[in-house]
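Subject: Structure handover

Hello,

Here is the structure for you to look over. My notes on it follow below.

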Amino acid sequence: MKKKLVILGVCTLMVCGCGKTIPTLENGEQAVVSFENGSMISINELYNDLKENYALDSLINLVDKKILEDKYKDSLDSANEYADATMKSLEENYKDQLLSLIQSQTPYQTKEAYRNFVYINYLQSQVVEEYAKEQVSEKEMKNYYDKNIYGDMLVNHILITPNVSDDATDDEKTKAQDEAKEKVNTLIAKLKESNNVKETFTELAKENSEDASTKEDGGSLGYINNGTLSSSYDEIVKKAFELKDGEFSTEVITTELGYHVIFKEASKEKANFDEVKDSIRETLANNIMSEDAAIYTKALQALRKSYGMDIVDSEIQSQYATSIQNALAQSQTTK
C-alpha cells in the first residue's frame, strides 16, 4: 500500500542512517530491533502497532501540514512568527518547567513538537474562519442589515454610580444601588418637565454626571454605533437605537459602569449594504464559530475533501471516519 511505503521509507532511513547492516527475518521482512537470542521485531510489526495506536493522529497532522502550507503560502511567515512568539512567551513564563508542563498537559514530548502544533493551529484557524464565512448566506446578511445596522447616532449620557466602599455589606451595596437608580429617575422626571430637553440635559450632565470625560461637554459620547465604544456601552447603544432623534430614555439604563439616562440628539443615514457587507459577514461568521461546537471538525474535513485526500490504508481510513463521527457527536453533546 502507498501509505505503508511512505512510513516504511522513513523507518528504513532511520535504520540505514546508523550505518549498520539491517537484519532480516526468515520471511524477508526487515527488522527494527534484534536480540542476542536471534529474535527480531520487524518493520511490519512496528507499522501495525503504530497503525493501531498512533498512526491516525500523526498522519492527519502530516496531511493538514501539507495542505495548509500549500493553501496559505502567503501566511507561512506570519504563522512561524506567531509560533516563535508563543514559545518565547512560554519560555519566559515557565523557564525550566516548560518541557515538563508540555509533556504532562499535552500529547507532545518536545518543545519543537508543541511549537509545530501552535504553527499548524494558526493556519487551521484561518480555515475555520473562511469556512464559517462560507456558511453565511446573502439572505442572512441582508436580514442582519435590516434589523441591526443603523446610522451613527449622536448620543449624550449622564452616569450615576453607586457610592459604596470595597468592604460594604450586601445590604449597603443594595441601598447604594437603589439610591443611584432613584437619582437617575429624578433626572428623568426633570427632563420630562423641560421645554428644552437638549439644554436641560446639558445642564444636568454638568451638575450630576460622574463620567468626568464627558460631563463638561453635556455628557456627549459623540457619534456612536455598534463597536464604536467598549462593550461596557453596548446597552447604551442598544437603547439609543430604540429612540428617535430628540428623545431621551425614560427608564434607568444599567451597565457595568453604573446607571444612565441618555439623550439621542441626532442620527445619520445608515451605510449602504455593500459598504458593510464584509463586516456583517464577519460578524455572522464569528457567531457561527462561537455557537457551532463542530465548526472546527467540519472545516478541516471539508478542506481535506477539497484536496482529494484519500487514505489508502483501509484500517486507517476507517479510524479516520470513526474519529470524525465521534467528534461531531461529541460536539452535539457539548452543545
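Of the 335 residues in the protein chain, 33% are buried (under 20% relative accessible area with a 1.4 Å probe, protein chains only; exposed is over 50%, and partly exposed lies in between). This is a predicted model, where local features need pLDDT of at least 70, side-chain atom pairs count only at pLDDT 80 or more, and totals for chains, interfaces and linings use all residues. Residues are numbered from 1 along each chain as its sequence is written, and side-chain values use heavy atoms, with hydrogens and water left out.

Overall form

The protein chain has 13 helices and six strands (DSSP runs numbered from the N terminus: H or I of at least four residues for helices, E of at least two for strands). Its radius of gyration is 31 Å, well over the 20 Å from the globule rule for 335 residues, so the chain is more spread out than a compact globule. That radius is taken over C-alpha atoms, and the rule is 2.2 Å times the number of residues to the power 0.38. Along the principal axes, the C-alpha atoms fill a box of roughly 105 × 50 × 35 Å.

Contacts (heavy atoms within 4.5 Å)

Taking contacts between residues at least 6 apart in sequence, 65% join residues at least 24 apart.

One residue

Ser75 sits in the loop between α3 (55–71) and α4 (76–94). Ser75 counts as buried because its relative accessibility is 16%. Beyond its neighbours within four places in sequence, Ser75 is in contact with Tyr122, Leu123 and Gln126.

Regards
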